[in-house]
Amino acid sequence: MPVPMRRLIVALTLCCALLAGATACGGGNDTEDTAAVAAAASPTSSAEKQKFAKTRFVANAGLAAGATYQWIVKPWKAGKFKKGAEGRRVALVKAGLAGAFTYNRLKAANRNAQGDPALAKAVAPLTAGIDALKDLPSKLRKGDSTDAVVGSFDDIINNVKEAGKSAGAEVTDKVPSASQLSG
């Protein structure tokens, strides 16, 4: 089938325009261009940086607190982790996932806190406790010493909430979706 001449001309014109545009943009230093765009998009004043640090801290700590309560503390209080309990295996797997998610979000919240002097000072004593949570999700999945593990998660979450509150960044529980938890 012959292609109409009009389509060929339009296609050729578009290709030339794209090629000319790409050539015109390629003359500069890409890292300088990227840095300029990043600098323009990032907060400029220290007050803005601190505000965003607090906001990110509250969001990450809230997700950690919500996951801990929903999938670790609540099932533990309901007796789901006890041997012979109905749905124990599923509850332990969910708790293990929630534990890994909580650890990840608390590490992110700790990094966010470094952007605000008051938060950094309040959260600094909790860093060792957050690091200690690293191996606990696997213990939850296996069902090992669930009382102590749940207590550790609950204590750290409460300490992070208190630290945030003392620095003017009150943390409220935000339950993550199942896709956030597994992702």
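This is a predicted model: local features need pLDDT of at least 70, side-chain atom pairs count only at pLDDT 80 or more; totals for chains, interfaces and linings use all residues.
User: What angle do α4 and α8 pack at, and how far apart are their axes?

Analyst: Their packing angle is about 30°, and 12 Å separates the two axes. Angles under 35 degrees count as roughly parallel, so α4 is described as roughly parallel to α8.

User: Which residues make the contact between them?

Analyst: On the α4 side you'll find Leu 92, Gly 99, Thr 102 and Leu 106. From α8 come Thr 146, Phe 153, Ile 156, Ile 157 and Val 160.

User: Let me pick Thr 102. Is it buried or exposed?

Analyst: To judge that, compare relative accessibility with a cut-off: buried means under 20%. Thr 102 has 0% relative accessibility, so it counts as buried. You can find this residue in helix α4, which covers residues 88-113.

User: And what is Thr 102 in contact with, leaving aside its neighbours within four places in sequence?

Analyst: Its partners are Ala 64, Ala 67, Thr 68, Phe 153 and Ile 157.

User: Now the nonpolar core. How many residues does the largest one have?

Analyst: A core is read as a set of buried residues joined through their side chains. Here the largest has 39 residues, and those with the most contacts inside it are Phe 57, Leu 106, Leu 140 and Val 160.

User: Which elements give two or more residues to this core?

Analyst: That list is α3 (46-77), α4, α5 (117-123), α7 (136-142) and α8 (146-166). The most comes from α3, with 10 residues.

User: What does Leu 140 touch, not counting residues up to four places away in sequence?

Analyst: Leu 140 touches Ile 72, Phe 81, Leu 92, Ala 95, Gly 96, Thr 146, Val 149, Val 150 and Phe 153.

User: Let's zoom out. How many helices and strands does the chain have?

Analyst: There are nine helices and zero strands. Of the 183 residues in the chain, 33% are buried.

User: What share of the contacts with a separation of 6 or more comes from residues 24 or more positions apart?

Analyst: Sequence separation tells you how far along the chain two partners sit. In this chain, residues 24 or more positions apart account for 76% of those contacts.

How values were computed:
Residues are numbered from 1 along each chain as its sequence is written. Side-chain values use heavy atoms; hydrogens and water are left out. Helices (H or I, at least four residues) and strands (E, at least two) are DSSP runs, numbered from the N terminus. Buried means under 20% relative accessible area, exposed over 50%, partly exposed in between (1.4 Å probe, protein chains only). Contact means heavy atoms within 4.5 Å. A nonpolar core is a set of buried Ala, Val, Leu, Ile, Met, Phe, Trp, Tyr and Cys residues joined through side-chain atoms within 4.5 Å. Axes are lines fitted to C-alpha atoms, for helices over the stretch in contact, and angles run from 0 to 180 degrees between N-to-C directions. Angles under 35 degrees count as roughly parallel, over 145 as roughly antiparallel, 65 to 115 as roughly perpendicular and the rest as oblique.
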